[in-house]
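My notes follow in the order I took them.

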Amino acid sequence: MNKYTSMQRKEDVVRDWVHYDADGVVLGRLAAEIAKELMGKKKVTYTPHIDGGNFVVVTNMEKIAVTGKKLTDKVYYNHSGFMGGIRERRLEEVLAKNPAEALMMAVKRMLPKNKLGRVQLTRLRVFVGAEHAHTAQKPETKEL
């Protein structure tokens, strides 16, 4: 191993709080930035097998933007496991019922598909309105 290369240890992880305002921001671009923050890829100490990411707070989800014809053409599928148990919902319906769910699904699909990705997703906090419950942590506001 090179003497200048260092691997981060889980004992040395420092987590910050980051705030994103989703007002007028495109859904996919916001999800990609959040996934990088949760994985810790924006840090100098990034190590793929160590959970070194930050906490992320997102507000104003009801004002998220979607480009093109995704509102009517993008379809989310769920299956109950029983015959004929497939259910499909358009992005328009998901955003109308629970805008936070659309962002959570987009970020979840950008994270690793293993235990590490499931743990990283627990550090994402999404709020529909402008107020959030994590002001005491003094999150750093980032723009897109």
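I started with the contacts of leucine 30, taking contact as heavy atoms within 4.5 Å. Setting aside neighbours within four places in sequence, I found leucine 30 touching Tyr20, Ala22, Val25, Val58, Ile64, Leu103 and Leu144. Leucine 30 sits in helix H1; helices (H or I, at least four residues) and strands (E, at least two) are DSSP runs, numbered from the N terminus. Its relative accessible area is 0%, so it is buried (buried is under 20% relative accessible area, exposed over 50%, partly exposed in between, with a 1.4 Å probe and protein chains only). I also checked histidine 19, which is eleven residues from leucine 30 in sequence and 11 Å away in space, C-alpha to C-alpha.

For the record, this is a predicted model, in which local features need pLDDT of at least 70 and side-chain atom pairs count only at pLDDT 80 or more, while totals for chains, interfaces and linings use all residues. Residues are numbered from 1 along each chain as its sequence is written, and side-chain values use heavy atoms, with hydrogens and water left out.

Leucine 124 came next. Apart from neighbours within four places, leucine 124 contacts Ile34, Leu38, Val56, Val58, Met104 and Val107.

Then the sheet: four strands form an open, parallel sheet in the order E5-E2-E1-E6, where strands pair if DSSP finds at least two bridges between them. E5 and E6 (140–142) are at the edges with a single partner strand each, so one side of each has no neighbour in the sheet. E2 and E5 run parallel and are joined by three bridges; valine 57 has arginine 125 of E5 as its bridge partner.

How is H4 placed against E2 and E5? H4 lies across both strands and runs at about 160 degrees to E5 (axes are lines fitted to C-alpha atoms, for helices over the stretch in contact, and angles run from 0 to 180 degrees between N-to-C directions). Seven of the ten H4 residues are buried, so this helix is largely enclosed by the rest of the structure. Among the buried ones I noted Pro99, Leu103 and Val107.
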